[in-house]
Amino acid sequence: MSFLSRALSVAAAALLATSLMAVPAQAVELSPPGANDWSCKPSAEHAYPVILVPGTFESMAKNWSTMSPYLKSQGYCVFALNYGATNGVYATAPVAESAKQLAPFVDSVRAATGAKRVDLVGHSQGGMMPRYYMGLLGGAKYVHHLVGIAPSNHGTKGLIVPPPDMLPTPDYTLAGCAACADQQAGSAFIQQLNSIGDTVAGPSYTVISTKYDEVVIPYNSQYLNGSARQVTNLTIQDKCPADVFEHDQTPNDPVVHQWVGNALGRASGPADPAFQPVCL
């Protein structure tokens with residue numbers, strides 16, 4: 001498939017994602033296209049199954065409606081999960097509790113595929129929460145690469161609220177969102193998460209940020225400290241200055257798709273910082 005054809009397919013999928021945005025996350029229990037085929041066996045070229053981890057308030061179906069089919073088309077075994085539901089709203093439970101739900105899902109994927117390790121691709125909370133699993137729950141030995149898209153690695157100085165076009169329920173209040181409190185800069189959770197350092201030995205880390213992020217701010221607080229052999233921090237606009245994707249829609253950005261593909265396609269180490277995606 002040519003890149004243009006693939007881009008058109010991604011654009012069509014993005015329209016589908018837009019149509020889903022008005023559906024409250026808790027109403028969507030479907031897997032995203034291409035995900036959760038438990039008979040899938042990784043190929044030699046793509047040896048690590050990919051697990052997609054959604055962000056706060058998000059369902060896997062909405063958050064990964066374009067990334068999942070993109071990775072599937074590249075030959076990956078793709079899996080995704082919902083987690084951390086409180087009052088019917090996904091990814092709002094305490095982040096440490098959500099990490100405990102990720103752990104058995106990783107084990108299930110490893111058992112089904114026969115893979116010793118997995119690649120994790122997460123958005124927002126989903127790009128940060130796996131670090132708790134890896135560093136504080138012993139999960140590092142099961143992870144080959146963590147790709148965080150607009151992750152809340154050091155918390156945010158902004159306010160985490162549901163996107164206006166998908167308010168969970170009419171009577172929902174942020175008081176019920178423990179994950180929102182956990183993700184504030186300087187919170188007890190953020191201090192605990194980073195008390196052991198930004199990285200742990202073993203996995204590679206790639207962070208993909210946008211300077212137009214209006215949720216996890218400042219956007220460069222998403223970056224991780226680590227050696228170039230283990231960590232690559234990327235800002236979309238450094239390669240594609242005209243790209244105006246913001247926080248919520250970064251997983252649907254064709255440029256982000258290419259960066260994720262580059263990161264996962266490397267046998268070792270994080271994404272290649274010299275890689276130039278095609279800017280659309």
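## Close-up views of disulfides, aromatic pairs and a buried aspartate

**Cysteine pairing in the predicted model.** When the bonded cysteines of the protein are numbered in sequence order, they pair as 1-2, 3-4, 5-6. The structure holds three disulfides, a disulfide being a pair of cysteine sulfur atoms within 2.5 Å. A disulfide is a covalent bond between the sulfur atoms of two cysteines. The model is predicted, and local features therefore need pLDDT of at least 70, side-chain atom pairs count only at pLDDT 80 or more, and totals for chains, interfaces and linings use all residues. Residues are numbered from 1 along each chain as its sequence is written, and side-chain values use heavy atoms, with hydrogens and water left out.

**Overall setting of the views.** The protein has nine helices and six strands; helices (H or I, at least four residues) and strands (E, at least two) are DSSP runs, numbered from the N terminus. Of the 280 residues in the protein, 56% are buried. Buried means under 20% relative accessible area, exposed means over 50%, and partly exposed lies in between (1.4 Å probe, protein chains only). Among the contacts with a separation of 6 or more, 79% are between residues 24 or more positions apart, where contact means heavy atoms within 4.5 Å.

**The disulfide of Cys40 and Cys77.** The sulfur atoms of Cys40 and Cys77 are 2.0 Å apart. This link is left-handed, with -80 degrees about the S-S bond. The pair joins distant parts of the chain, 37 residues apart: Cys40 lies in the loop between helix 1 (3-20) and strand 1 (50-53), and Cys77 in the loop between helix 3 (67-73) and strand 2 (78-80). Both ends are buried, Cys40 with a relative accessible area of 13% and Cys77 with one of 1%.

**The disulfide of Cys177 and Cys180.** Here the sulfur atoms of Cys177 and Cys180 are 2.1 Å apart. The link of Cys177 and Cys180 is right-handed, with 80 degrees about the S-S bond. Cys177 is buried at a relative accessible area of 2%, and Cys180 also counts as buried, at 7%.

**The disulfide of Cys240 and Cys279.** Cys240 and Cys279 are bonded through sulfur atoms 2.0 Å apart. Their link is left-handed, with -80 degrees about the S-S bond. Distant parts of the chain are linked by this pair, its members being 39 residues apart: Cys240 is in the loop between helix 8 (236-239) and helix 9 (254-264), and Cys279 is in the segment after helix 9. Cys240 is buried, with a relative accessible area of 2%, whereas Cys279 is partly exposed, with 40%.

**The aromatic cluster of Trp38, Phe79 and Phe105.** These three residues, Trp38, Phe79 and Phe105, form one aromatic cluster. A pair of aromatic rings is described by the distance of the centres and the angle of the planes. Rings of Phe, Tyr and Trp (its six-membered ring) pair if their centres lie within 6.5 Å; planes under 30 degrees apart count as stacked, over 60 as edge-to-face and the rest as tilted. By this rule the structure has five aromatic pairs. One of them is tilted, because the rings of Trp38 and Phe79 have their centres 4.8 Å apart and their planes at 55 degrees. Trp38, in the loop between helix 1 and strand 1, and Phe79, in strand 2, are 41 residues apart and link distant parts of the chain. Trp38 counts as partly exposed at 38% relative accessibility, while Phe79 is buried at 0%.

**The edge-to-face pair of Tyr219 and Tyr223.** The ring centres of Tyr219 and Tyr223 are 6.5 Å apart and the planes stand at 85 degrees, so the pair is edge-to-face. Tyr219 is partly exposed at 28% relative accessibility, and Tyr223 is partly exposed at 23%.

Asp213 is found in the loop between strand 5 (204-209) and strand 6 (231-235). Asp213 is buried yet has no salt bridge, and the nearest side chain of opposite charge, Lys62, is 13 Å away. A salt bridge is a side-chain nitrogen of Lys or Arg within 4 Å of a carboxyl oxygen of Asp or Glu; for charge, Lys and Arg count as positive and Asp and Glu as negative, while His and the chain ends are not counted. The side chain of Asp213 reaches the backbone nitrogen of Val216 at 2.8 Å. Apart from neighbours within four places in sequence, Asp213 is in contact with Ala150, Tyr219, Gln222 and His247.

Terms used: Polar contact = N/O pair within 3.5 Å; in protein donor to acceptor, adjacent residues only side chain to side chain.
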